[in-house]
Amino acid sequence: MPADLVTVPSALLDRLAALGVDVPRLLRHADVLPSRFQPPKARLTIHEFFSFWRALEEVSGSRDLALRVGTEALPHQLDVASLAALHSPNLGEALKKFARYKRLCCAETVGVETVGGEARIGFHWVHVEETLPMMLVDATFASLLALARRGSGRALMPRRVELARRRSDEAMLRRHFGCEVRFDAPLDLLVLEETALALSFVTHNADLLAVMLPGLEAALSESLTSRSLADDVRAALGRRMCGERPSVQKVAREMHISPRTLQRRLEELGTSYQRLLDDVRRDTSRRLLASTDLDASEVAFLLGFEELNSFTRAFHTWEGVSPTRWRDAERSRPSLT
């Protein structure tokens with residue numbers, strides 16, 4: 001599937017209508033034509049998809065709507081990645097399948113990192129410069145937690161939820177997820193106990209997986225032939241914007257190639273590791289300055305700059321102003337309604 005398209009179940013509009021959303025008003029507000037949701041599935045551009053979720057924030061009238069959308073989906077309303085995950089033998093395998101086949105639905109990568117007894121699950125959109133809609137993040141995390149609970153048959157509670165945005169709706173989010181919620185985080189993360197990955201799934205269906213997986217693998221193979229190595233590097237760098245020095249050696253190791261080969265192949269694509277790093281740093285800095293209350297020095301640290309002055313010079317090169325002045329201008333800009 002083209003990298004700028006997102007597959008959306010056509011049943012989503014029916015679900016929103018059942019939850020009391022004025023769907024015609026929502027689509028007008030998002031500037032998305034109803035015909036884009038023709039069965040069996042809609043394919044929206046990333047811009048349309050994000051506009052849809054931002055419009056939902058404006059017209060829904062319910063702060064917890066995204067949590068309900070993510071939690072209350074029926075099995076026939078799940079995407080292929082979720083279905084493959086649901087029929088896996090345990091949560092760890094479910095997350096692997098979810099991450100692998102999510103690429104068939106949209107240009108979103110899913111990372112699961114185990115560190116210090118934690119399983120940290122994050123999502124990264126390739127080629128996306130703008131801030132993610134809050135309701136989209138909430139629905140995504142609620143949906144993944146609901147899948148884990150449905151599969152395991154247990155009332156699984158995360159260790160915490162980390163959100164790359166300013167503090168808002170804290171009580172509602174704590175109540176829904178049943179755990180600590182941290183704001184002003186560098187990345188949106190759903191954090192589970194590492195031991196939870198071993199939880200067996202009562203929904204495991206090996207026979208159904210045997211039927212599903214060959215078709216999914218064939219579709220994935222076709223999809224990946226048009227996926228650029230540069231996209232994979234951007235995704236890997238995006239996951240490292242949390243205080244880590246994003247060296248070419250670490251990224252090459254994740255790509256399972258040598259640093260020299262990585263740099264040569266990027267040159268063949270007309271780009272370079274440094275150019276991609278600058279792109280990801282620029283996009284991440286704009287997102288953090290716009291969405292969080294982190295100060296410029298904290299943003300500089302998260303991007304891997306050794307000192308604030310280096311970040312300030314780089315940001316001025318990108319945007320023509322200092323990080324502080326850019327944030328002030330962004331906050332004074334009237335919101336689109």
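Me: Which residues are linked in a network of salt bridges?
Reply: This is a predicted model, in which local features need pLDDT of at least 70 and side-chain atom pairs count only at pLDDT 80 or more, while totals for chains, interfaces and linings use all residues. Residues are numbered from 1 along each chain as its sequence is written, and side-chain values use heavy atoms, with hydrogens and water left out. A salt bridge here is a side-chain nitrogen of Lys or Arg within 4 Å of a carboxyl oxygen of Asp or Glu. Salt bridges of this kind link Glu118, Arg120, Arg159, Arg160, Glu162, Glu180, Arg182 and Glu193.

Me: Are glutamate 162 and arginine 160 buried or exposed?
Reply: The side chains of glutamate 162 and arginine 160 meet in a salt bridge, at 2.7 Å from N to O. Buried means under 20% relative accessible area, exposed over 50%, and partly exposed in between, with a 1.4 Å probe and protein chains only. By that scale, both glutamate 162 and arginine 160 are buried.

Me: How many residues apart are lysine 96 and glutamate 93 in helix α6?
Reply: Lysine 96 and glutamate 93 form a salt bridge of 3.5 Å, N to O, in which lysine 96 is exposed at 56% relative accessibility and glutamate 93 is partly exposed at 27%. Helices (H or I, at least four residues) and strands (E, at least two) are DSSP runs, numbered from the N terminus. In helix α6 (residues 91-101) the two are separated by about one helical turn, because they stand apart by 3 residues.

Me: What kind of aromatic pair do phenylalanine 305 and phenylalanine 311 form?
Reply: Rings of Phe, Tyr and Trp (its six-membered ring) pair if their centres lie within 6.5 Å, and planes under 30 degrees apart count as stacked, over 60 as edge-to-face and the rest as tilted. A search of the whole structure finds 12 such aromatic pairs. For phenylalanine 305 and phenylalanine 311, the centres are 5.6 Å apart and the planes stand at 50 degrees, making the pair tilted.

Me: Why is the pair of phenylalanine 315 and tryptophan 318 edge-to-face?
Reply: Phenylalanine 315 and tryptophan 318 both lie in helix α15 (residues 308-319), 3 residues apart. Phenylalanine 315 is buried at 0% relative accessible area, and tryptophan 318 is buried at 16%. Their ring centres are 6.3 Å apart, and the pair is edge-to-face because the planes stand at 70 degrees.
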